[in-house]
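This briefing concerns aromatic contacts and surface charge. Please consult the sequence and the model shown here alongside the text.

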Amino acid sequence: MSQDLASLHHQQRAYFASGKSRPLATRKACLQRLKKEISERQEAIHQALYADFKKPYFESLISESAYVLKEIDLYLKYLKKWALPERVPATLLNFPSRDYIYKEPYGCTLIISPWNYPFNLAMAPLIAAIAAGNTAVIKPSEKAPATAQILQEIVSAVFPPGQVSVVTGGKDVAQGLLALRWDYIFFTGSVAVGKKVAEAAAPQLTPLTLELGGKNPCIVDETANLEVAARRIVWGKFFNAGQTCLAPDYLLVHEHVKEAFVTHFSNALKKAYGEHPKTSEDFARIIDQEHFERLEKLLHDEKVLLGGATDPTDRYIAPTLVDAPDFRESELMEEEIFGPILPLLTYRQLEDLDHYVDRYAKPLSLYVFSTNKQFKNSIVDRYAFGGGVINDTLVHFVNDKLPFGGVGHSGMGAYHGKYGFMTFSHQKSVVKRGNWPDIPFRYAPYKKKMRWMKRLMKWL
């Protein structure tokens, strides 16, 4: 296997060195072929996602295939503009000159994608990498084998192996790939694995993007529209059965509205998934048995307000609301839950929130439901987070004009739209000067020029 990976890596190096991936017309043609292939295989993509974890058709459409097609259309529309050298103002120290920023591909890139959105989170960075003129190797998660298979089929139908390849397998394959020298690494996954990826990249000084996660707080104050808040939190938390890196991880509800909020939350759950969510065709399953057992264990000895049912034969965990888990002792409050379990904690005043939010590393997302302008602004200013939404959940992900990424332990770097193109492009600075005039002031000897240089530097 290591020999095969080395051979593939060498093939990628040779392809990039040939210059075939760099012409703008070639990049656009690749994206057009990719769009055509995905469009023709949309039904097969949805079937693969359902086979892996019963992902609902609607969720597959808006968060996987349709999202990717929308991203391709954006690149086809703006790629020429984004790829142009950008002229910037010159400094008088270089007068006369013309100064530019060139967008240059890094070279051979490695994309390691996760299982929770296995099509989107492999394809979206691939689109950016190809649009920027790179080659790419994709390592999809082994936990979603049906989607990995169709990724491989699509890529092999669109690209020659030296330009883009999909490599399947487990941890040993990922480790083998990380042992090779890449020009850029893009990883989406857990914080724990992200640290290992960063460690593997460090000896080679390989630049990288880490799209991770964290314990995302969702704050509901006493002025919030509780009916709307409950409906939108139910949607954001239980979309993809809670297996979303930017899903609300725990609720912080003002104590004066807790009882009313729980009532609205219960009503929203029933409206979304019926009295028996297990029979709903709109609720996904847990990805594998290991993840199921971890989540089921988190419910032990907790006070369940809503839901709580589990079925290991179907990898089903009901949408669940847990009341007041012990903030210091409960396993629910230790790490990102990444499943359909939502703890509910209460607070009295703004300062109380620090006790909860500041305990954890900077989250990927933060949500606040309120009609109090001062409170909303205070939350945004008070806490650091990758991105967030006021009075909704998840929706910042779909705006391609917003960079998507974490901060600190929730990740580094960002992508989506132009930000993805810039992530996979080295910004190369170039100053263009002529041969005249050639002012001798800057050349040695310097002895009689220091007084004038000091004045000049102050003036500039």
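**Aromatic pairs and a charged patch**

The structure holds 20 aromatic pairs, a pair being two rings of Phe, Tyr or Trp (its six-membered ring) with centres within 6.5 Å; planes under 30 degrees apart count as stacked, over 60 as edge-to-face and the rest as tilted. This is a predicted model, in which local features need pLDDT of at least 70 and side-chain atom pairs count only at pLDDT 80 or more, while totals for chains, interfaces and linings use all residues. Residues are numbered from 1 along each chain as its sequence is written, and side-chain values use heavy atoms, leaving out hydrogens and water.

- Phe186 and Tyr415 pair edge-to-face, at 4.9 Å centre to centre with 75° between the planes.
- Because Phe186 lies in strand β6 (residues 184-188) and Tyr415 in the loop between β17 (411-412) and α14 (418-423), this pair ties together parts 229 residues apart in sequence.
- Phe186 is buried at 0% relative accessibility, and Tyr415 is buried at 2% (buried means under 20% relative accessible area, exposed over 50%, partly exposed in between; 1.4 Å probe, protein chains only).
- Phe186 and Tyr415 belong to one aromatic cluster, whose members also include Tyr67, Tyr106 and Phe424.

**Surface charge**

- Asp326, Glu329, Glu331, Glu334 and Glu335 gather in a surface patch of negative charge (patch residues have over 30% relative accessible area and no salt bridge, with like charges joined within 9 Å and nonpolar side chains, namely Val, Leu, Ile, Met, Phe, Trp and Tyr, within 5 Å; a salt bridge is a side-chain nitrogen of Lys or Arg within 4 Å of a carboxyl oxygen of Asp or Glu).
- Glu329 sits in the loop between β13 (320-323) and β14 (341-347) and is exposed, at 61% relative accessible area.

How values were computed. Areas by Shrake-Rupley, 256 points an atom, 1.4 Å probe, with all protein chains shown as cover. Lys, Arg positive; Asp, Glu negative; His and termini not counted. Charge placed at Lys NZ, Arg CZ, Asp CG, Glu CD. Helix = DSSP H or I, 4+ residues; strand = E, 2+ residues; numbered from the N terminus.
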